[in-house]
Amino acid sequence: MQKFNKLTSIPAYLPIVNIDTDMIIPKQFLKTIKRTGLGKNLFFEMRYDDQGNEIKDFILNQKPFSQSKILIAGKNFGCGSSREHAPWALLDFGITCVISSSYADIFYNNCFKNGILPIKIDEDKIKQISEYSLRKEEIKIDLNEQKIIFGNNEVKFELDQFKKKCLIEGLDDIALSLEKSEKIETFEKKLKISKPWIFND
Amino acid sequence: MPYTIYDKIWNEHLVHEQEDGTSLLFVDRHLIHEVTSPQAFEGLRNSNRKVRQPKLTLAVADHNVPTTDRTKGISDKESKIQVETLDSNCKEFGIQIFGMNDKRQGIVHIIGPEQGFTQPGTIIVCGDSHTATHGAFGSLAFGIGTSEVEHVLATQTLVQKKSKNFRINVNGNLPIGVTSKDVILQIIGKIGTAGGTGYVIEYAGDLISNLSVENRMTICNMTIEGGARAGLIQPDQKVFDYLKDKPMSPKKEKWDKALEYWSNLKSDEGANFDKEINLNGKDIKPMVTWGTSPQDVVTIDGKVPNPKNETDPDKKNSIERSLKYMGLNSDVSVQDIKIDKVFIGSCTNGRIEDLREAAKILKDKKIANHVDAMVVPGSGLVKEKAEQEGLDKIFINSGFEWREPGCSMCLAMNADKLKPGERCASTSNRNFEGRQGRGGRTHLVSPGMAAAAAISGNLDDVRKYQN
């Protein structure tokens with residue numbers, strides 16, 4: 001997994017609450033058997049008209065936001081379907097950091113599996129940063145220090161320390177869990193005795 | 001110390017716990033489908049990893065399958081590749097799969113219970129947010145991403161942090177014409193789409209325990225629409241009767257031992273719930289959604305909201321955006337909303353009892369001339385049962401199409417979809433923008449309400465149509 005440490009970019013602000021994963025990547029693009037190539041269809045229905053032309057009003061179709069690596073959005077971002085195609089589409093577009101006041105649980109976890117940092121901060125801080133984004137100036141994210149720096153301001157953010165470590169080091173959590181194979185085996189042996197119906201063999 | 005059902009299941013599945021609470025949990029049951037699994041298998045191959053417990057995983061293709069004549073296979077090239085990829089992955093890794101022409105094929109959350117694969121006290125996961133459905137059996141069931149699917153395949157475990165406990169008590173009786181779909185829509189309207197974020201919900205109260213197992217599944221299914229990954233209900237005799245003699249249920253001495261364990265699975269007196277709310281059945285009416293989020297609910301005798309009455313700017317913007325997308329004016333009575341299509345099916349309402357409920361309303365009636373309506377049974381076995389009971393004839397005689405099982409127009413990945421601007425009364429679970437087809441407009445309702453809408457051609461009150 002790609003490591004995440006520091007990031008500098010002009011952020012794009014999408015002032016919509018409850019952005020669901022169907023909006024992030026609609027179902028017609030879930031037929032792929034790959035993780036890559038979804039970026040061009042990110043926010044497809046808001047981004048393109050019926051003829052497939054870019055809708056000029058949409059923030060990610062405007063320069064310099066079309067190059068943004070940071071997306072600021074309304075609360076409850078990523079609700080709905082569990083599709084990991086949503087973070088894959090963000091990543092493929094180039095967005096590796098999302099800033100919102102809250103996220104749906106499954107989406108939030110999926111981000112960390114793909115080297116994307118979802119930052120949670122209070123609504124009033126969202127307001128400050130989104131207003132700042134109108135200047136079209138770069139902001140900085142420092143994961144190690146857990147802060148967002150914009151102009152002369154900075155905002156601290158909280159996150160789970162284990163998730164932070166995995167992002168900074170780009171750890172493969174399957175490999176980490178496989179290191180505990182012996183524990184899993186012991187658990188399975190006990191389970192076969194205590195709940196023999198689970199394996200049903 | 002008193003524990004909740006969730007606490008108990010969590011504790012019994014702990015393989016390892018780090019100091020910070022990050023835990024490795026054993027997964028008893030893993031369901032997979034064609035959309036969220038191919039990249040997981042690809043990951044296994046790239047890392048030379050095996051599936052640790054192939055017998056604890058069950059596969060089925062449901063999202064992409066056609067609901068029309070299947071003898072010609074799948075015409076959409078990408079859908080075909082995805083379904084074939086699931087077949088070949090299962091063959092390669094030794095996982096049981098119900099193929100498209102197997103009568104046990106159906107929506108993943110319908111076939112799990114139907115086969116007895118779903119059992120109380122287990123942890124059940126699937127790369128699908130509606131995995132919460134299985135909580136109706138007293139299991140901890142939740143949706144996961146594809147990276148986690150790969151993790152479960154490789155290790156039979158999952159890395160998790162514990163959620164908080166949230167209990168929703170529903171007491172009293174349901175008025176005639178009001179169903180468990182209306183109960184869950186009302187709950188989502190009350191708590192909002194993020195109201196359950198960070199929690200596991202336990203549904204309790206005498207109204208819940210008086211519901212059939214299938215009706216409970218409808219409630220647990222839409223838990224995710226209230227933001228909670230899992231919702232569960234204490235297992236009882238109805239659940240045990242449902243599971244008895246199912247193909248994958250425990251047999252003989254194992255059944256006895258399982259039953260003893262299942263019978264004791266309940267939240268202890270005095271167990272701590274971080275959040276708790278109460279509802280009474282008498283206050284619940286037939287519900288319908290007017291907007292583009294499942295929390296946008298109104299009773300069938302209500303009106304479309306007016307953004308002018310909203311002071312919170314986020315909510316005001318959100319109402320305005322939804323009204324524009326839905327092509328609705330404020331303050332219109334919802335019963336004056338004309339519909340074009342009706343969809344009965346999905347993991348929310350595609351079971352035999354749902355079809356019976358709709359058929360009861362449709363018997364000896366015709367649907368409105370301008371309405372296109374279809375029924376998509378949740379599985380081949382549901383379809384077979386419905387045909388044995390003659391429900392297919394009732395649907396067909398009233399003007400409905402009778403289809404093959406699958407997810408169908410709940411998410412419109414196959415050919416079943418709304419055209420831009422088309423309006424649908426749907427028994428599915430999400431009314432998001434574009435969910436049932438680009439520009440399509442969805443109103444979520446119960447199966448009886450969908451039948452009533454089909455007859456009247458407008459959203460309508462099922463209570464007028466009680467046969």
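Two strands count as paired when DSSP finds at least two bridges between them, and the elements themselves are DSSP runs: helices are H or I over at least four residues, strands are E over at least two, numbered from the N terminus. Keep that in mind for the tour. This is a predicted model, where local features need pLDDT of at least 70 and side-chain atom pairs count only at pLDDT 80 or more, while totals for chains, interfaces and linings use all residues. Residues are numbered from 1 along each chain as its sequence is written, with chains lettered from A and ligands numbered from 1 in the order in which they are written.

**Stop 1: the five-stranded sheet of chain B**

Select residues 372–375 of chain B, strand β16, which runs parallel to β17(B) and is joined to it by 3 bridges. Click B:Met374 and look across to its bridge partner in β17(B), B:Glu401. Now widen the selection: these strands belong to an open sheet of 5, ordered β17-β16-β15-β18-β19, with parallel pairing. At the edges you'll find β17 (400–402) and β19 (441–444), each pairing on one side only. Neighbouring strands here are turned by 20° against each other on average, direction ignored; for such angles, axes are lines fitted to C-alpha atoms (for helices over the stretch in contact), and values run from 0 to 180 degrees between N-to-C directions.

Contact means that the C-beta atoms of two residues, placed from the backbone, lie within 7 Å.

**Stop 2: a helix pair**

Keep α16(B) and bring in α13 (352–362) of chain B: the two axes come within 8 Å and cross at roughly 30°. Angles under 35 degrees count as roughly parallel (over 145 is roughly antiparallel, 65 to 115 roughly perpendicular, the rest oblique), so α13(B) and α16(B) are roughly parallel to each other. To see the contact, show B:Asp354, B:Glu357, B:Ala358, B:Ile361 and B:Leu362 on α13(B), then B:Pro447, B:Gly448, B:Ala450, B:Ala451 and B:Ala452 on α16(B). By class, that makes 7 nonpolar, 1 polar and 2 charged residues; Ala, Val, Leu, Ile, Met, Phe, Trp, Tyr, Cys and Pro count as nonpolar, Asp, Glu, Lys and Arg as charged, and the others, Gly among them, as polar.

**Stop 3: the four-stranded sheet of chain B**

Here's another open sheet with parallel pairing, 4 strands in the order β11-β10-β9-β12. The edges are β11 (230–232) and β12 (275–280), each with a single partner strand, so one side of each has no neighbour in the sheet. Inspect β9 (164–171) and β10 (199–204), which pair in the parallel sense over 6 bridges. B:Asn165 has B:Val200 as its bridge partner in β10(B).

**Stop 4: over to chain A**

Select 97–100 and 117–120 of chain A: β4 and β5 pair in the parallel sense over 4 bridges, and A:Ser100 stands opposite A:Lys120.

Most residues other than glycine have a negative phi, and most peptide bonds are trans. A:Phe43, though not a glycine, has a positive phi of about 50°; look for A:Phe43 in the loop between α1 and α2 of chain A. A:Lys63 and A:Pro64 are joined by a cis peptide bond, omega about 0°.

**Stop 5: where the chains meet**

Finally, show both chains: the contact takes 46 residues from chain A and 58 residues from chain B. The chain A side has 16 nonpolar, 12 polar and 18 charged residues.
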